[in-house]
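This report describes the strands, sheets and helices of one protein model. Please study the sequence and the structure below before reading on.

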Amino acid sequence: MYQSITIKIGSNVLAGDKGMLNYQRMKELVDQMAELHHSGRKVMLVTSGAVAAGRSMIQIPRKMDHVSQRQILSSIGQVKLINEYAALFGTHQINIGQVLVTKQDFRTREHYLNMKNCLASLWENNIIPVINENDAISVTALMFTDNDELSGLLATMMDCDALFILSNVDGIFNGDPKQPGTQVIPTIKPAADLTEYISTTKSDFGRGGMLTKCRIAQKTAASGINVHIANGTRPGVITRLVNQDPDFLNTRFEAGEHHPAVKKWMAYSEGFTKAQITINEGARKALFDKKANSLLLPGVIWIQGDFKKGDLLLIKDEKEHILGIGRSGMDREKAEKHRFEKKYKPLVHYDYLFLYPENL
């Protein structure tokens, strides 16, 4: 049974028909989280809904650009959203702590550890962290894909037992959900190829689609965390997931092996890489071999961008598929100088190499 859980509640769960907050649903979800908290479990809430909350407070001129609209709605809506959560948790005598983040807050290992310490301190003091991306200042390149990515990062950071991604669908279907006979896939193993099943359609109120959810779920599961995608509008969804009710419809991404702490940070650091390297097929096979292998210089066929020792590198194969992220053991000048020396030290040592699930 899960003892530490990150719960991500999506916009389509919290928003009503007109895109405003559904307060009754918020209450139902908070009641379930409060029950978990009082039972001694550690709960961390990653919530969307600030924009939906803002819609009920102000009319935005249609001529205003989309980014400015979102900044205004999220800025005023975040206050309303957190106040609603505080009031609802308060009826259960539970304190919450608001944490607003941007992607830049995770750009270095130091920043990452500072965030981890903040959340750990809240837990130690019996406070539920309530986290959202700071949409008022996060724009374009500085944004997470959506709160799914943020929740996966946080669940991995805090080494949770499980991540619940609550959307308005029952899980991952084995075909078009609108077609008769299509069913929810109950369990997905690490590195499974799901591209033929998943729609790329985005939700009405959120930024991400089901393809994004699956990629985040697979990445998080690969770090040793069970991930469930479930319908957050279903009665008792959180309680039934925690109890692993066999009759409750959802998709569970099976946890893989746990990664060392530094690799957990690297798993979500794609946006902070300093350079890209392309490797040949032999190097790709070696990296994905069952035996742990480092990335050697002769396997590199192309380098794009400058980097120093300790910088993060995005690793691609010859077909431009992203394979993973590695921390460089040398600067570019030294890498170019010793490019073809098979016995020279690795460009990326295995201890500082994170590989995405092979079919991601």
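How many bridges join strand β9 to β10? Four bridges join β9 (residues 275-279) to β10, and the two strands run antiparallel.

## Basis of the report

The model is predicted: local features need pLDDT of at least 70, side-chain atom pairs count only at pLDDT 80 or more, and totals for chains, interfaces and linings use all residues. Residues are numbered from 1 along each chain as its sequence is written, and side-chain values use heavy atoms, with hydrogens and water left out.

Helices (H or I, at least four residues) and strands (E, at least two) are DSSP runs, numbered from the N terminus. Two strands pair if DSSP finds at least two bridges between them.

## The five-stranded sheet

Strands β9 and β10 belong to an open sheet of five strands, ordered β10-β9-β11-β12-β13, with mixed pairing. Each of β10 (300-304) and β13 (353-355) has a single partner strand and stands at an edge, so one side of each is left without a neighbour in the sheet. From one strand to the next, the twist averages 25°; such angles run from 0 to 180 degrees between N-to-C directions, and the axes are lines fitted to C-alpha atoms, for helices over the stretch in contact.

## The eight-stranded sheet

A second open sheet holds eight strands in the order β3-β4-β2-β1-β5-β7-β8-β6, and its pairing is mixed. Here β3 and β6 (187-188) are the edge strands; each has a single partner strand, so one side of each is left without a neighbour in the sheet.

Several pairs of strands can be followed across this sheet. Strand β3 (residues 96-101) has a covered face, formed by Gly97, Val99 and Val101, and an uncovered face, formed by Ile96, Gln98 and Leu100. Six bridges join β3 to β4, which run parallel, and Val101 has Glu133 in β4 as its bridge partner. Strand β4 (residues 128-133) also pairs with β2 in the parallel sense, over two bridges; in this pairing, Ile131 in β4 is the bridge partner of Val46.

Strand β2 (residues 42-47) is mostly covered, as five of its six residues are buried. Here buried means under 20% relative accessible area, exposed means over 50%, and partly exposed lies in between (1.4 Å probe, protein chains only). Strand β1 (residues 4-9) runs parallel to β2 and is joined to it by six bridges. The bridge partner of Ile5 in β2 is Val43.

## Helix α6 and its surroundings

Helix α6 packs on the eight-stranded sheet. The helix touches β1, β2, β3, β4 and β5, and its direction makes about 160° with that of β2. Contact means heavy atoms within 4.5 Å. Is α6 enclosed or open? Eleven of the eleven residues of α6 are buried, so the helix is largely enclosed by the rest of the structure. Among these buried residues are Asn147, Asp148 and Glu149. After the helix comes Asp159, whose phi is positive, near 50°.

Two packed helices are described by the angle between their axes and the distance between the axes. The axes of α5 (residues 109-124) and α6 (residues 147-157) come within 10 Å and cross at roughly 75°. That makes α5 roughly perpendicular to α6; angles under 35 degrees count as roughly parallel, over 145 as roughly antiparallel, 65 to 115 as roughly perpendicular and the rest as oblique. In this contact, Tyr112, Met115, Lys116 and Leu119 of α5 meet Leu153, Leu154, Thr156 and Met157 of α6. The residues of the contact divide into six nonpolar, one polar and one charged. Ala, Val, Leu, Ile, Met, Phe, Trp, Tyr, Cys and Pro count as nonpolar, Asp, Glu, Lys and Arg as charged, and the others, Gly among them, as polar.

## Two arginine residues

Arg339 lies in the loop between α11 (332-337) and β13. This residue is buried, with a relative accessible area of 13%. Leaving aside residues up to four places away in sequence, Arg339 touches Leu297, Pro298, Val300, Ile301 and Trp302.

Arg215, found in helix α7 (residues 210-222), is partly exposed, with a relative accessible area of 46%. Arg215 and Ile131 are 84 residues apart along the chain, and their C-alpha atoms are separated by 21 Å.
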